Amino acid sequence: MKKMITKVAITSALLMAMSVSMQAKEKVYKLKLATTWGKTTVPLIDTTYEMVKLAEEMSNGRLKIRVDTASKHKAPLGILDMVKAGQYDMGHSASYYWKGKDINTLPFTSMPFGLTAPEQYAWFYHGGGLELMQKVYSKHKVLSFPGGSTGVQMGGWFRNEINSLDDLKGLKMRIPGFAGEVMAKLGVVVTNIAPGELYTSLDSKTIDALEWVGPSMDIKMGFHKIAPFYYTGWHEPASEMQFLINKRSFDKLPKDLQTILKVSMRTSAYNMYIKNYDMNITAWKNMLKDNPDIKVKTFPKVVMDEMKKSNKELRDEVSSKSPLLKEVLDSQDAYQKKAREWTKMSDYLYLKDNLK
């Protein structure tokens, strides 16, 4: 009888241990993510949802992430603060939005005349960029990872052709960030207007020009119907979004879920890059159907030279005030110098010899 009781006790203990173990293995971790984007901001918002779907599927349902769009939390440019404070575990936004709070965050989106998207991805994952990004964000107690690139952004829609520096004097243009500061040095009257008011502002001549993204996102705005000159890019050659994660929330996850989360972010980020590329192809074709008179222009050399000069002056000014920013910019410059020879040999010379 004693042996029987002992066997029953042992069996019960084993079953209980197995049950506890299975429950631990099947524990569901729930996170909240806030985006800068609204539900119609494609493909940016798609990247967020794809990452969430991948994370849940690869974790067999153990990792669930709720997404709150800008219309829900009402703070599209407050993502860093909300993730930092723990109000949200994660965020999806763009690093250069925080330059007013921390100038060191600026280069992780894109810099004028800087790295192309493939060069920047190589820098992030093989050139020390990811480590520098964590170094910058560590004081905010968050982690940051690449969150999808729009590639080269176009230089903007202009009502009139730009032939000289004089054509920029007094020109009213919507162009944000560091590029706006560069243009201001050239005499442009830089303004920031809400996205919903951009079309009417350009149409009513309240502004003379504006920069948005590229065909994939510009087509919905309708700028091609009212501004005939579409200038090529210089200011954001590799506009990378970002995933933010509260460090404490990340550290609470088991190691396998941390890996799944990082793989989900990396996969969805690259998928955004190629999806946006495809969207640009289709959108540009449709833009030309709407308005076959669109003229694609590059800025004259005298203008580009002055932009580069102003850009360098501004970079030197801001980096002189922050050793950490200088470290990041120096790293990007060094990698660009190393990568550009191959970019030229591979992409540039191939296109140069094969364009018809």
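Tutor: We will take the whole chain, then a sheet, then a surface patch. Keep in mind that this is a predicted model.

Student: Ok, how many helices and strands does the protein chain have?

Tutor: There are 13 helices and 11 strands in the protein chain. Its C-alpha atoms fill a box of roughly 100 × 45 × 45 Å along the principal axes.

Student: And what share of the residues is buried?

Tutor: Of the 356 residues, 49% are buried. The accessible surface comes to about 18200 Å², and carbon and sulfur atoms account for 57% of that.

Student: Now the sheet. What order do the six strands have?

Tutor: The order is E7-E6-E8-E5-E9-E11, in an open sheet with mixed pairing. Strands E7 (189-191) and E11 (295-297) stand at the edges with a single partner strand each, so one side of each has no neighbour in the sheet.

Student: What holds strands of a sheet together anyway?

Tutor: Strands pair through backbone hydrogen bonds, and the pairing is either parallel or antiparallel.

Student: Which is it for E9 and E11, parallel or antiparallel?

Tutor: Parallel; three bridges join E9 (residues 229-231) to E11. Tyr-230 stands opposite Val-296 of E11.

Student: Changing topic: which residues make the nonpolar surface patch?

Tutor: Trp-342, Met-345, Tyr-348 and Leu-349 make a patch of about 460 Å². Met-345 is in helix H13, which covers residues 323-354.

Student: Why is Met-345 called partly exposed?

Tutor: Because its relative accessible area is 48%, and partly exposed lies between the buried limit of under 20% and the exposed limit of over 50%.

Conventions: Residues numbered from 1 in each chain as written. Predicted model: local features only at pLDDT ≥ 70, side-chain atom pairs only at ≥ 80, totals over all residues. Heavy atoms only, no water. Pairing = 2+ DSSP bridges. Helix = DSSP H or I, 4+ residues; strand = E, 2+ residues; numbered from the N terminus. Patch = residues over 30% accessible without salt bridge, like charges linked within 9 Å, V, L, I, M, F, W, Y side chains within 5 Å. Areas by Shrake-Rupley, 256 points an atom, 1.4 Å probe, with all protein chains shown as cover. Salt bridge = Lys/Arg side-chain N within 4 Å of Asp/Glu carboxyl O. Buried < 20%, exposed > 50% of the residue type's maximum accessible area, 1.4 Å probe, protein only.
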